[in-house]
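Colleague: Could you show me how to read the packing of helices in this model, beginning with the residues that touch and then turning to the axes?

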Amino acid sequence: MALVSKVGARRDSSGAWLPAQTPAELRADVEANLRSLGVDHLTAVNLRRMDEGMAGADDVALEDQVAELAALRDEGKIAGVGLSTVSASDLAAAQAITEIVCVQNPFSLVDQKDADVLDACTAAGIAYVPYFPLGSAFPHLPKVVDQPAVQAVAARRDVPAARVGLAWLLTRADNILLIPGTSSVAHLEENMAVADLVLTDENLTELAAA
């Protein structure tokens, strides 16, 4: 079993994100994760950089954050250093400091703005873990399952539309790891069935229109 966590932000009582970006906060949250999970090390920990424009976005140098996670790795508390919500230049800067094992950024059929980061990860052999793999969770932004092309392919293949969207991601690059949200074992099994869906060239051409 691989346990991967994320540090760099905390939630307040209303659920809003608050920055926790200093090296000391990163270390404290990794150690809190170890205690709450009852383990002595984590497979990987992703550094969540704050989104541009958010409070704390540029308060702490990326280099200092990555160095702290690398120190935690050297102490045996984590096995790998990951990044989240980063640009291609952030990734390059982090790689100059230490090995990066994974990147977790938003990416889906309807949001491919992060293609440069994905391509950089693919070239470097770094796992790319797209969050919002079926489109943003925010109600005003597009969803993969609402796209007519996705629905059409799903109908012809007799599978849920979500499975088509996840299968498309797996065709995009071999280093993509899926983390779709789930709230039940049945939903988890439905998502896992994506491994059995192989999209045809005709399917992919149609999905390109989405």
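Colleague: Which residues in α3 meet which residues in α4?

Modeller: A88, L91 and Q95 in α3 meet D116, V117, A120, C121 and A124 in α4, where contact means heavy atoms within 4.5 Å, and helices are DSSP runs of H or I, at least four residues long, numbered from the N terminus. By class, this contact of α3 with α4 has 6 nonpolar, 1 polar and 1 charged residues, with Ala, Val, Leu, Ile, Met, Phe, Trp, Tyr, Cys and Pro counted as nonpolar, Asp, Glu, Lys and Arg as charged, and the others, Gly among them, as polar. This is a predicted model, in which local features need pLDDT of at least 70, side-chain atom pairs count only at pLDDT 80 or more, and totals for chains, interfaces and linings use all residues. Residues are numbered from 1 along each chain as its sequence is written, and side-chain values use heavy atoms, leaving out hydrogens and water.

Colleague: At what angle do the axes of α3 and α4 cross, and within what distance do they come?

Modeller: Two packed helices are described by the angle between their axes and the distance between the axes. Here the axes of α3 and helix α4 (residues 115-124) cross at roughly 30° and come within 9 Å, the axes being lines fitted to C-alpha atoms over the stretch in contact and the angles running from 0 to 180 degrees between N-to-C directions. α3 is therefore roughly parallel to α4, since angles under 35 degrees count as roughly parallel, over 145 as roughly antiparallel, 65 to 115 as roughly perpendicular and the rest as oblique.

Colleague: How do α2 and α3 pack?

Modeller: Helix α2 (residues 62-74) packs against helix α3 (residues 88-95) at an angle of about 50°, with the axes 10 Å apart, so α2 is oblique to α3. L62, E63 and V66 of α2 make the contact with D90, A93 and A94 of α3, and these residues divide into 4 nonpolar, no polar and 2 charged.

Terms used. Helix = DSSP H or I, 4+ residues; strand = E, 2+ residues; numbered from the N terminus.
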